Amino acid sequence: MTEILALEHLAIVPAGPTLSMSVGAGQSLAIVGPTSSGKTHFLQVLAGIERPAQGSVRIHGKLAVASADGVSRRTKVQALIPRTDVSPRGMRVADLLYKMRLGEARYKQIGDLSPGQFAAYELLGPLLTDANLILIDGQLDHLDPWALHDVMIILRGLQGDGVTIVAATNRPDLVSQFDAVIVLKDKQVRFAGSIEELKRLGPPHSIQVATEHHEGVRALVAPFQVQVTETADGIRYETPEGQQLAARMLLEGYGDVQFMISRPSTLEEALLSLF
């Protein structure tokens with residue numbers, strides 16, 4: 001896989017841990033963390049707007065940043081739209097405007113746009129370019145649910161064409177749609193890795209057994225130890241040696257067991273465990 005973004009011993013503050021990471025063509029990276037954790041600063045370092053405190057950033061290709069900085073509030077949305085009907089990536093411009101809910105707002109000044117429309121406007125520029133690395137600083141969080149759904153489909157299509165997406169977000173439901181994640185706190189990296197690696201940092205599965213009267217079931221459950229993991233084939237239950245019989249009796253029904261609920265930890269819980 002072609003490398004698009006390379007971070008070498010990178011840090012945005014002088015002290016603390018450094019990060020080395022490679023992001024390939026068509027991959028996506030989420031940057032998450034509390035308010036003032038350094039997400040915007042981190043993206044500015046990637047974009048070359050700010051200098052890193054330690055290490056270096058290498059970009060192999062063309063960069064586009066979702067931003068309206070330097071654009072007059074009196075500028076109309078129409079001014080950003082190319083005169084051609086098709087973007088450099090082959091997307092029909094009219095379709096793009098419709099999916100981003102900007103079709104009816106194309107003649108508005110950007111100062112008159114709603115927060116969701118303004119976020120879509122900031123995203124529109126990079127989507128109309130032939131950049132192979134797009135940086136997004138929170139705009140996804142401000143889109144309305146319908147525009148967000150379509151924008152995520154557009155971004156996945158761009159990834160299929162080899163475009164790399166790096167986006168700052170505070171939404172766990174969005175984080176789960178990325179290939180990798182960097183978690184920041186106090187401008188320091190607390191975690192960097194895949195979504196599956198992040199999930200493993202959360203609390204273990206919890207198992208709820210419904211039973212009312214049978215003391216034998218309670219005796220089984222009280223000392224019960226089980227490890228629950230998700231596999232491609234479903235949920236897998238493993239028990240220490242000597243408890244296999246108890247596990248089978250519990251899972252297949254014993255006494256007045258009515259049902260059993262296995263609840264996996266969530267991505268949000270894994271993120272909260274880092275703070």
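Reader: Which residues does Met100 touch, leaving out those up to four places away in sequence?

Author: Keep in mind that this is a predicted model. Met100 is among the residues with the most contacts inside the largest nonpolar core. Setting aside residues up to four places away in sequence, its contacts are Ala120, Leu123, Leu124, Leu127, Ala147 and Val151.

Reader: In what order do the strands of the open sheet come?

Author: Let's go pair by pair. Strand 1 (residues 3–11) and strand 2 (residues 19–24) run antiparallel and are joined by five bridges. Strand 1 also pairs with strand 4 (residues 54–59), again antiparallel and over five bridges. Put together, the three strands form an open sheet in the order 2-1-4.

Reader: Why is one side of strand 2 and of strand 4 left without a neighbour in the sheet?

Author: The sheet is open and holds three strands. Strand 2 and strand 4 are found at its edges, so one side of each has no neighbour in the sheet: each has a single partner strand. From one strand to the next, the twist averages 5°.

Reader: What angle does the direction of helix 1 make with that of strand 1?

Author: Helix 1 (residues 39–47) packs on the sheet and touches strand 1, strand 2 and strand 4. Its buried residues are Lys39, His41, Phe42, Leu43, Val45 and Leu46. Just after the helix comes Gly48, with a positive phi of about 85°. As for the angle between helix 1 and strand 1, it's about 120°.

Reader: Where do Phe118 and Tyr121 lie, and are they buried or exposed?

Author: Phe118 also has Arg73 over its face, at 5.1 Å from the ring centre. Phe118 and Tyr121 are three residues apart, about one turn of the helix, and both are in helix 3 (residues 115–127). As for burial, both residues are buried.

Reader: How many of the six residues of strand 8 are buried?

Author: Strand 8 (residues 180–185) is largely enclosed by the rest of the structure. Strand 3 (residues 28–32) runs parallel to it, joined by four bridges, and strand 9 (residues 188–194) runs antiparallel, joined by six. The number of buried residues in strand 8 is five.

Reader: Which residue in strand 9 is the bridge partner of Ile182?

Author: Ile182 sits in strand 8, where it stands opposite Ile31. Strand 8 and strand 9 make a hairpin with two residues between the strands, and Asp186 there takes a positive phi near 55°. In strand 9, the bridge partner of Ile182 is Ala192.

Definitions and conventions: Residues are numbered from 1 along each chain as its sequence is written. This is a predicted model: local features need pLDDT of at least 70, side-chain atom pairs count only at pLDDT 80 or more; totals for chains, interfaces and linings use all residues. Side-chain values use heavy atoms; hydrogens and water are left out. Two strands pair if DSSP finds at least two bridges between them. Buried means under 20% relative accessible area, exposed over 50%, partly exposed in between (1.4 Å probe, protein chains only). A charge sits over a ring if NZ of Lys or CZ of Arg is within 6 Å of the ring centre and within 35 degrees of the ring normal. Axes are lines fitted to C-alpha atoms, for helices over the stretch in contact, and angles run from 0 to 180 degrees between N-to-C directions. Contact means heavy atoms within 4.5 Å. A nonpolar core is a set of buried Ala, Val, Leu, Ile, Met, Phe, Trp, Tyr and Cys residues joined through side-chain atoms within 4.5 Å.
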